[in-house]
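The structure comes next, followed by the report itself.

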Amino acid sequence: MAKKKPLNQLDAKRWEKHAERKKEILAFQEEHAKIEKEEEEYQNRVLDRQTKQSKPKAFSRKLTDEEQEKFDKGLLRARGRNILEPTFKSVLKEEEEELKQRQDERVASADVWKYIEPASRGMLVVDSGETKDITQRDLRRSVNVLTASKMFNLDLPDTGPYNIDYDMSGRHLLMGSMRGHMALVNWGDKKLIQELQLDEPIHAVQFFHNETMWACAAEEKVGIYNAGGIQITKLKTKGIRQMSFLPYHFLLVTSSPNRKIIEYRDVSLGGKVVMETTNKTLNTSCMKVNPYNALIGVGTKSGTVCTWSPNSNVPIEQLFAHRGTIRGLEYSRDGMQMVTGGDDGMVRVWDVRKIDKPMSEMELAKTRIIKSMHLSATGLLALSYDDFVQVYDNVLTGHTDITKPYMQHRLKKKQQVQQIRFTPFEDILGIGHSGGYSSIVIPGSGEAKVDTSEVNLFGNIRSRNQKEVQMLLEKIPYEMIISDPKLIGAAFFNAADKTKEELNASTGQPNQKKKTAKVAGAKKVEGKKESQYWANKREHLRETQKRKRDEREEVERELRGEAGEAVVEEKKPWSPFNRFSDKKQKLEKLVTLPDPKKEGKKGGKKGGEKRGKKEGKKAGKKGGEKAGEKAGEKQEEK
């Protein structure tokens, strides 16, 4: 039998490791002392150099305090025995100060705002008569060659009428006809990019975040295509008549008046249905996105305007706007005003924050039924009837005496207007009609100030790809769509004192009764508790972040040996001595000083566990043998 190992040999390996660790610590201490010695020598050399510079030997006269200070900073130098001259460093510093002072004076004296915020939008002004009497032929003679080239007609009588849409930059035009013809055109250069012919009518077309992706709503499906005309995805939804796109959420919103349904689909996930709701009131006639809060405004054939969110299966707001079908619905650029037009011959302007009554209204001829409506970035409102287009100004300013149009245009050969759209950043109005497409000039309709961080009008393929990746990384979740975006991230500190109805009203959520929101991946929460649920979720997230922050700070304090004090990291200014501190930090990371008490406890625990296991096995064997012997003796006695 093997002899038992003595107790002093069981931990031999642990003591060997301890000896190796001790050697590493000694090497670390020697290296640390060497670095400190180098740092001290370098500091002494720098001090010697400074003292030599501050006391020029060849200079005879005594320096004043101001001269001595400049000499120490390196702004003056000695030349000869009695002459002090400025150094190159001081000359550069003086020139920079003069240049900065000159620039500040120019900015203060210049009227910068007249260039940033022009008072005139470039509207038409006439000496006698009215602006509506000016025709496109008169404008063609007066405008420059580049603008005149943008006034043209595409005669396609065999394939019309056409629905049209522009991309965010306004450089590309998408056309889809009721006879299945589709075309993607660079309308500024008049180049055809792609052309398709389908076997079914196209009721709506919609660009996505840029010109490389777009969708068309046919009778039996919604097809998503790329710039090469290849169908990427086919959405099996029937009877779609209206489409809108949320570029910052990558959501495609579709509505079908026959099926009375609204669908939200995530385009970045291949058209996955995020939210789908069916309601008897969804007999839609028009649809528009509010640019302020990304809510969808839907006009119905019963004369009501409903506001929808992907987080609710009932409308957030309902407004009875007109008697009869609502033909047009538009939002202002800031999203605070809404313009509606209906079959009753009225055009009304509403304040979205207070929809008790309209701000202003304009009465049209009862014989004229609005076919299409669009609002420009500068506030011009375009209306279309049969073969006639009218543009009105000062609609959003609250004027109640708007009776005469700003401009008007009649199509040739009584061609029926299908859809009108203002071109972004251009004084151009595009008209899709039964005879093809027409482009006319409307002075003052285009926005001249371009935010290049949002839209790059002169970007190439590389910048477009970078922008697309950036938009995908900054994609906003659909759960954050509420009526007031300023409430996102806010906490209800007095939530316990508020009633459920007040909490729902503050977050823009409807007061539902025993209904759940059909949101993919969301928990089933009752409508009355929905806003409180999201408030609790935000509060829980805030608490977890705070807890993690406290834990991280506590670990940092323990590492620095300052458990009782808070760690405040201060960025040290650059210094040539930083290289020595960096070496020290690297050495400390490689070799950490061990705690002998902790190591002794760990080793004792491990040794005790091993020894306890061995002794337990032996005791079990002995106990089993004894029990077997006793049982055998009893059987023999019997």
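## Partly exposed isoleucine and its patch

Ile-488 is partly exposed, because its relative accessible area of 35% falls between the cut-offs for buried (under 20%) and exposed (over 50%), taken with a 1.4 Å probe and protein chains only. Ile-488 sits in the loop that joins helix 8 (461-473) and helix 9 (500-507), where helices are DSSP runs of H or I with at least four residues, strands are runs of E with at least two, and both are numbered from the N terminus.

Together with Tyr-248, Ile-476 and Met-480, Ile-488 makes up a nonpolar surface patch with about 320 Å² of accessible area. Such a patch gathers residues with over 30% relative accessible area and no salt bridge, with nonpolar side chains joined within 5 Å.

## Basis of the values

The model is predicted, so local features need pLDDT of at least 70 and side-chain atom pairs count only at pLDDT 80 or more, while totals for chains, interfaces and linings use all residues. Residues are numbered from 1 along each chain as its sequence is written, and side-chain values use heavy atoms, with hydrogens and water left out.

## A residue in strand 7

Ile-193, a residue of strand 7 (residues 191-197), is partly exposed as well, with a relative accessible area of 37%. Its C-alpha atom is separated by 7.7 Å from that of Ala-183, ten residues apart along the chain.

## The lining of the largest cavity

Strand 22 (346-351) and strand 23 (360-363) each supply at least two residues of the lining of the largest cavity, and strand 23 gives the most, with three residues.

Note on methods. Patch = residues over 30% accessible without salt bridge, like charges linked within 9 Å, V, L, I, M, F, W, Y side chains within 5 Å. Areas by Shrake-Rupley, 256 points an atom, 1.4 Å probe, with all protein chains shown as cover. Salt bridge = Lys/Arg side-chain N within 4 Å of Asp/Glu carboxyl O.
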